[in-house]
Amino acid sequence: MKDITIVTSLQDIRRHNMDGRKWEEYLEWFAITLQIKSPMVIFVDEDMVDFVKQHRGYQKTKIITQKLEEIPFYKYKERMDSIIETDEYKSKAGCPDRIECNYSIYSIVQFSKFWWVKEAIKHNYFDSDFYFWMDAGLSRFFYDMDITKDYPGQEARKQIELIKDKVLIQVSMFPYNDLYTSQDLGEEYLWDPRSYVMGGMFGVGKEKIDELCSLVENTFEKMLDNGNVNNEQIVLGYLYKKYPDLFIEFINDLRIHRGYELIVELSN
């Protein structure tokens, strides 16, 4: 059975100036995330290379250095800034105090994750058919998972073999059951602050990444055309209802918002 590659990135966007979340916290979380026993493709600034090497050890790793202004969606920064500075946007955006409604660089990083996965698949450094994106800080959801074991576990790998033609997403019925059970979410949802699809971790078969990226970017550009900036989770939630055959869902059924149970489930 082929290895499954995890793609991740950590960018210093000075988030402590935005919502108080400290860079030092992310470094602590990232240090643990890097220890997962799976091939990894990691996008970081050159200043982070030694940190990655220290915590990855001798595991299969490809480090790709990019400056913040070189990441995939940075090209949209000026256009995004011109939108979020307007009173019209503030009046229409749901919960306009959110970080994505005030700091374009946050959403630039969030949307770039799809293209980082695409870049990893293009070169296929570890001959994988299936890829997972994992946010750098998701180790805070590892709970009691044993990170000394190969990841994903053997049973999980068998299940992944059956869904290589899908995009695997995590959906949460709590606290937005109305969104989850809706048959359709129209373009008005692209303004919504409530995300029932979780963007911190998703999986994709290598044959589906082009389709996923195309749909994401087309939707993102449609949002900009309409004077809208929102996060990648909202776009995934919109696309999931619009193109259900592309996706397969894992339901986070614990009543813990942002529980990311799939991470632990995959260790089995």
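A: The axes of helix α8 (residues 209-225) and helix α9 (residues 232-242) come within 10 Å of each other and cross at roughly 115°. Here helices are DSSP runs of H or I with at least four residues, numbered from the N terminus, and axes are lines fitted to C-alpha atoms over the stretch in contact, with angles from 0 to 180 degrees between N-to-C directions. The model is predicted: local features need pLDDT of at least 70, side-chain atom pairs count only at pLDDT 80 or more, and totals for chains, interfaces and linings use all residues. Residues are numbered from 1 along each chain as its sequence is written, and side-chain values use heavy atoms, without hydrogens and water.

The two helices α8 and α9 are therefore roughly perpendicular to each other, a term for angles of 65 to 115 degrees. The crossing of α8 past α9 is right-handed, that is, the near helix is turned clockwise from the far one by less than a right angle. On α8 the contact (heavy atoms within 4.5 Å) involves L212, L215, V216, T219, K222 and M223, and on α9 it involves V235, L236, Y238 and L239. By class, this contact of α8 with α9 comprises eight nonpolar residues, one polar and one charged; Ala, Val, Leu, Ile, Met, Phe, Trp, Tyr, Cys and Pro count as nonpolar, Asp, Glu, Lys and Arg as charged, and the others, Gly among them, as polar.

As for the cysteines, the structure holds zero disulfides, a disulfide being a pair of cysteine sulfur atoms within 2.5 Å. C95 is in none, and its nearest cysteine sulfur, that of C101, is 7.9 Å away, too far for a bond. C95 is partly exposed, at 49% relative accessible area, whereas C101 is buried at 0%; buried means under 20%, exposed over 50% and partly exposed in between, with a 1.4 Å probe and protein chains only.

Definitions and conventions:
Angles under 35 degrees count as roughly parallel, over 145 as roughly antiparallel, 65 to 115 as roughly perpendicular and the rest as oblique.
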